[in-house]
Amino acid sequence: MQEKTSTVLIIEDDVELRNSLGRLLRSVGLHAQLFGSVSDFLKSESPDGPACLVLDVRLPGQSGLNFQRELAAANREIPIVFITAHGDIRMSVQAMKDGAIEFLTKPLRDEELLEAIHLGLARDRARREGEMALAVLKERFGSLSPREREIMIHVARGRLSKQIACDIGISEPTVKVHRSHAMRKLNARSLPEFGRMAAKLCLVPEKPHQS
């Protein structure tokens, strides 16, 4: 499968700086989309591949920090590199606490900015790959029979084959047959991997923390 193009999204109201950043990114082979405001950005189509957002802290109509929180509230996951000419420690700490990749002050150093962008793209690529892998796992889980799903849940809870047999009223060899069929359908090569798949599917609720 061909890897989708990575995109760097820039929201910067200073036209000269915005165009300069676009030239820098193109010079190192990165695809860039440039926006002068948050509203312009919101009117655009979301990139189809990994992305990283370079976001000015101070923008007309809305601050970059507020927009970061709005994206999080909307469950729109995108790595953010903040840039600012008027930053302070409080802003920087808040941005990083809310998940920003980096908080850079102007004038920007090319190497520092590019390093942060590449880190952001790598994180978004890993997130997308994880989501795709989970989607495939869910599709495979959907192919299991009701009995195979039931046994997978018991395995995820740490039950042994003879315990599962007793719990659901079938023989231990039959439990092992169903478990083997489920593992083959999920492409699980070992019981520990089978258990990890069950955890990814959230088949067993987490135990509440003791207060």
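1. Helices here are DSSP runs of H or I with at least four residues, numbered from the N terminus.

2. This is a predicted model, in which local features need pLDDT of at least 70, side-chain atom pairs count only at pLDDT 80 or more, and totals for chains, interfaces and linings use all residues. Residues are numbered from 1 along each chain as its sequence is written, and side-chain values use heavy atoms, with hydrogens and water left out.

3. Helix 9 spans residues 191-200, and Glu193, Phe194, Met197 and Ala198 within this helix are buried. Viewed down the axis of helix 9, these buried residues fall within an arc of 145 degrees, so they line one face of the helix; the arc is that of the directions from the helix axis to the C-beta atoms.

4. The cover over the buried residues of helix 9 includes helix 5 (110-142), helix 6 and helix 8 (172-186). Cys202 follows helix 9 and has a positive phi, near 55 degrees.

5. The axes of helix 6 (residues 146-156) and helix 7 (residues 161-168) come within 10 Å and cross at roughly 125 degrees; axes are lines fitted to C-alpha atoms over the stretch in contact, and angles run from 0 to 180 degrees between N-to-C directions. Helix 6 and helix 7 contact each other (heavy atoms within 4.5 Å) through Arg147, Glu150, Ile151, His154 and Val155 of helix 6 and Ile164, Asp167 and Ile168 of helix 7.

Note on methods:
Helices (H or I, at least four residues) and strands (E, at least two) are DSSP runs, numbered from the N terminus. Buried means under 20% relative accessible area, exposed over 50%, partly exposed in between (1.4 Å probe, protein chains only).
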